[in-house]
Every structure is written in C-alpha cells, then in structure tokens.
Amino acid sequence: MIKYKVDILEELKKAGYTTYRIRREKLIAESTMQRLRAGGTGIRLDSLDVICRILQCQPGDLVEWVPEEKEEHDSI
C-alpha cells in the first residue's frame, strides 16, 4: 500500500503555496486537493510532478510503499 511520508498540503504551505494560491494559479486540480486533504493517495502523476517541482524533491520523499499485513501475491 502506498502511504504519504509527509503532510503534502502542510509542506506546500511551508513553501508559500496555500490552497488559495494553488487554486488561483491552477497548479493542482480541486479534486486532487480534496484527496490530499482526505489522505487519499490516488493522485495523478502530473499532480505529483507539480508537487515535486514546487517542493524541489523526489516522489520517494513524499510517498512510500508499505506492505500490507496480509498480501495476496497469487491474485496479482
């Protein structure tokens, strides 16, 4: 399962990008902002690209893969 290592919206805010500024500059879709608020990881790669560009980081600085306790390898 993919999980966030950091609160992305908080990191964006520290970098000077409030949700208002992000919406005004149309950097990230509102639906993506809602997913980030809810902790959902289903964001598009182009949104992740924008976030990484703003924060000057790699995707691995933001997210990590954590094995679930009971994975079903045979169903993949």
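User: What is the relative accessibility of R37?

Analyst: This is a predicted model, in which local features need pLDDT of at least 70, side-chain atom pairs count only at pLDDT 80 or more, and totals for chains, interfaces and linings use all residues. Residues are numbered from 1 along each chain as its sequence is written, and side-chain values use heavy atoms, with hydrogens and water left out. Buried means under 20% relative accessible area, exposed means over 50%, and partly exposed lies in between (1.4 Å probe, protein chains only). R37 counts as partly exposed, with a relative accessibility of 45%.

User: Which residue meets R37 in a salt bridge?

Analyst: Side chains of opposite charge can pair when their charged atoms come close. A salt bridge here is a side-chain nitrogen of Lys or Arg within 4 Å of a carboxyl oxygen of Asp or Glu. For R37 the N to O distance is 3.4 Å, and the partner is E30.

User: How far apart are N and O in the salt bridge of E30 and R23?

Analyst: E30 is partly exposed, at 31% relative accessibility. R23 is partly exposed as well, at 37%. Their side chains meet with an N to O distance of 3.5 Å.

User: How many salt bridges does the whole structure hold?

Analyst: The two salt bridges of E30, to R23 and to R37, are among them. So is the one between E25 and R21. A search of the whole structure gives a total of six.

User: Which residues are linked with R21 in a network of salt bridges?

Analyst: R21 is partly exposed, with a relative accessible area of 26%. E25 is partly exposed too, at 35%, and its salt bridge with R21 has the closest N and O atoms 2.8 Å apart. The network links R21 with R24 and E25.

User: Over which ring does the charged end of R21 sit?

Analyst: A charge sits over a ring if NZ of Lys or CZ of Arg is within 6 Å of the ring centre and within 35 degrees of the ring normal. R21 is 3.8 Å from the centre of its ring, which belongs to Y17.

User: Which residues of helix α3 are buried?

Analyst: Helices (H or I, at least four residues) and strands (E, at least two) are DSSP runs, numbered from the N terminus. Helix α3 covers residues 30-38, and its buried residues are T32, M33 and L36.

User: How wide is the arc that T32, M33 and L36 cover around the axis of α3?

Analyst: T32, M33 and L36 are the buried residues of α3. The arc is that of the directions from the helix axis to the C-beta atoms. They lie on the same side of α3, because the arc is only 100°.

User: Which residues outside its sequence neighbours does S47 contact?

Analyst: S47 lies in helix α4. At 7% relative accessibility, S47 counts as buried. Leaving aside neighbours within four places in sequence, the contacts of S47 are I28 and T32.

User: Which elements do the buried residues of α4 pack against?

Analyst: Buried in α4 are S47, L48, V50, I51, C52 and I54. The partners of these buried residues are α1, α3 and α5 (59-62).

User: How many disulfides does a search of the whole structure find?

Analyst: C57 is in no disulfide, and its nearest cysteine sulfur is that of C52. For the whole structure the count is zero.

User: In which loop is K26 found?

Analyst: K26 is exposed, at 74% relative accessibility. K26 is not a glycine, yet has a positive phi of about 55°. Its place is the loop between α2 and α3.

Definitions and conventions. Disulfide = S-S within 2.5 Å. Contact = heavy atoms within 4.5 Å.
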